[in-house]
Amino acid sequence: MNAPSVGPVIETLRRLVAFDTVSSHPNAALIDWAAERLEASGIRVLVQHGDEPGKANLFATIGPEDRPGLMLSGHSDVVPVTGQAWRSDPFTLTERDDRLHGRGAADMKGFIACVLEAAPRLAHARLDTPLHVALSYNEESNMHGMRQLAAHLAAAPVRPAACIIGEPTSMRVVIANKGTAGYRVKVRGHSVHSSLRDQGVSAVESAAEIIVFVNALQKRLNAAARHDGFEFPHTSVHVGRIEGGTAHNITAKDCEFLLEIRTLPGTRTGDVLDEIRRHCDTALLPAMRAISPDASITFEEIFDTPALDERGNVYLAQAIMPLCGHLSAGRVSFGTEAGILQEIGVPTIVCGPGQIRVAHQPDEYVEIAQLQACSRFLGVLGERLAGGRLPLGG
Ligand SMILES: [Zn+2]
């Protein structure tokens, strides 16, 4: 299978970008459209309805269904464009200087366009090893789509032998990513006139004490485990937003802040959170409750995604690297769905067209050359799967 002209890939990408699939909006129209396209080539498609109205995953199988195959996976949702200054309409794919601009062009509808365009050829290639196509929802918010799909795959009689997630890596293989978790921390204090401050509990000051602890924890983490494969080589904790109190002369009843944890593979986000919780339970809450029994500190999970650990996917990386044209593997600090698949025993790597540094930005783009490289890669992959020459068994 030779790589065909990139024109049809660009047209497919144009259609994909035109679906406004910002994570807070429905994605089902895109999924239905993709399902129809795949079915038109005789490919078996499962549309899995999501846990929110208008949300859906897609899972398709090309080739035999009785044996484990290779899954190509992409998220169909994109980040918002609110407040961003775009030179052209973000939902109209626009070409400038061999680059295609549009929301999701890099992250990651470019990859999905390459896969959808390659699918009919793969369907005719009589694959020995099946190829699966997975499209998920809500990757950019809470990863519920992939969690739901992973639960389905874990219970299926045959689950994929391996997976490639096409997040933008400039077609380099990524073998590890950090775990990421976000929490809304709510501190409840007790409000009095500040002239009587020892009868009140300032939620703002209690939150500040937690944040001082988070800072000290970061220093300890910096002195503990390191992994030089990551740009920031440690597990990190961070407070990105805070809001609380009403006036300078009232002790604050409420304060809320957003806490983020990014873990090295091998460290669980929950373990880091437990350390912060323990500090609250032992060092802060007793004194707060001595004044006001209603005082509280709660941690609401917004998202929690496990790290991708390179142990377990080395052979997969070695099989894929020669096909994508880069013979070295990398590690990234952003979260992907890969760790969720690894948790159900599907070795997973990340490799796709476009650059992560333009993702989520105004004027996001994918280079046409990157789409060509991805299409070539999928062509070679198809040849290997047709000939049963891709070692997926570990
Ligand atoms: Zn992405």
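Which residues are buried in H2? In this predicted model, the buried residues of H2 are Ala28, Leu30, Ile31, Ala34, Ala35 and Leu38. Looking down the axis of H2, you will find these buried residues within an arc of 155°, so they line one face of the helix. Glu36 and Ala40, on the other side of H2, are exposed.

As for its dimensions, H2 covers residues 28-40, which makes 13 residues. From first C-alpha to last, H2 reaches 18 Å, close to the 18 Å expected at 1.5 Å a residue. After H2 comes Gly42, with a positive phi near 75°.

What do the buried residues of H2 pack against? Their partners are listed here.

| Element packed against by H2 | Residues |
|---|---|
| helix H1 | residues 7-18 |
| strand S1 | residues 44-49 |
| strand S2 | residues 56-62 |
| helix H3 | residues 105-124 |
| strand S6 | residues 131-136 |

Now for the wider view. The protein chain contains 9 helices and 15 strands, and 47% of its 394 residues count as buried. Its C-alpha atoms fill a box of roughly 80 × 45 × 35 Å along the principal axes. The radius of gyration is 24 Å, which agrees with the value near 21 Å that a compact globule of 394 residues would have. Of the contacts between residues at least 6 apart in sequence, 80% join residues at least 24 apart.

How values were computed: Residues are numbered from 1 along each chain as its sequence is written. This is a predicted model: local features need pLDDT of at least 70, side-chain atom pairs count only at pLDDT 80 or more; totals for chains, interfaces and linings use all residues. Helices (H or I, at least four residues) and strands (E, at least two) are DSSP runs, numbered from the N terminus. The radius of gyration is taken over C-alpha atoms; the globule rule is 2.2 Å times the number of residues to the power 0.38. A residue is buried if 20 or more other C-beta atoms lie within 10 Å of its own, exposed if 12 or fewer, and partly exposed in between; C-beta atoms are placed from the backbone. Two residues are in contact if their C-beta atoms, placed from the backbone, lie within 7 Å. The expected span of a helix is 1.5 Å times one less than its number of residues. The arc is that of the directions from the helix axis to the C-beta atoms.
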